[in-house]
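The following explanation is intended to be read beside the sequence and the three-dimensional view. Please keep both at hand.

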Amino acid sequence: MKKSVSMFYVTEETSIEQAVSEMNRQRIVSVVVKKSRSICGIFTERGVLTRVLSAGRDLKVTQVREVMTECF
């Protein structure tokens, strides 16, 4: 996870486990997801609950891109 000005972000390849760990460390509830230099989505605490835990996904192998809310 990187900090750009006051915005934290992860890449789309980041594992859910890594993203959640960093979100907890930073005490934030969401992170922007970047692909190359573009923002491609957002990953939220609610997404962890609804798209990861309730779906029984493996936190270590599931990547953020699989469960993030995409930008349109």
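The model is predicted, so local features need pLDDT of at least 70 and side-chain atom pairs count only at pLDDT 80 or more, whereas totals for chains, interfaces and linings use all residues. Residues are numbered from 1 along each chain as its sequence is written, and side-chain values use heavy atoms, with hydrogens and water left out.

Helices (H or I, at least four residues) and strands (E, at least two) are DSSP runs, numbered from the N terminus. Two strands are said to pair if DSSP finds at least two bridges between them. Strand β3, residues 30-35, and strand β4, residues 38-44, run antiparallel and are joined by 6 bridges.

The nonpolar core comes next. Such a core is a set of buried Ala, Val, Leu, Ile, Met, Phe, Trp, Tyr and Cys residues joined through side-chain atoms within 4.5 Å; buried means under 20% relative accessible area, exposed over 50%, and partly exposed in between, with a 1.4 Å probe and protein chains only. The largest nonpolar core has 14 residues, of which Val 10, Ile 16, Val 31, Val 33, Phe 43 and Val 64 touch the most other members. Two or more residues each come from β2, α1, β3, β4 and α2 (45-53). Helix α1 gives the largest share, 3 residues. In soluble globular proteins, nonpolar side chains tend to be buried together.

Ser 15 lies in the loop between β2 (7-11) and α1 (16-26). Is Ser 15 buried or exposed? With a relative accessible area of 8%, Ser 15 is buried. Beyond its neighbours within four places in sequence, Ser 15 is in contact (heavy atoms within 4.5 Å) with Leu 59, Lys 60, Thr 62, Gln 63 and Val 64.

The cysteines remain. A disulfide is taken as a pair of cysteine sulfur atoms within 2.5 Å, and the structure holds 0 disulfides. The cysteine sulfur closest to that of Cys 40 is in Cys 71, 6.8 Å away, which is too far for a bond. Cys 40 is buried at 14% relative accessible area, whereas Cys 71 is partly exposed at 42%.
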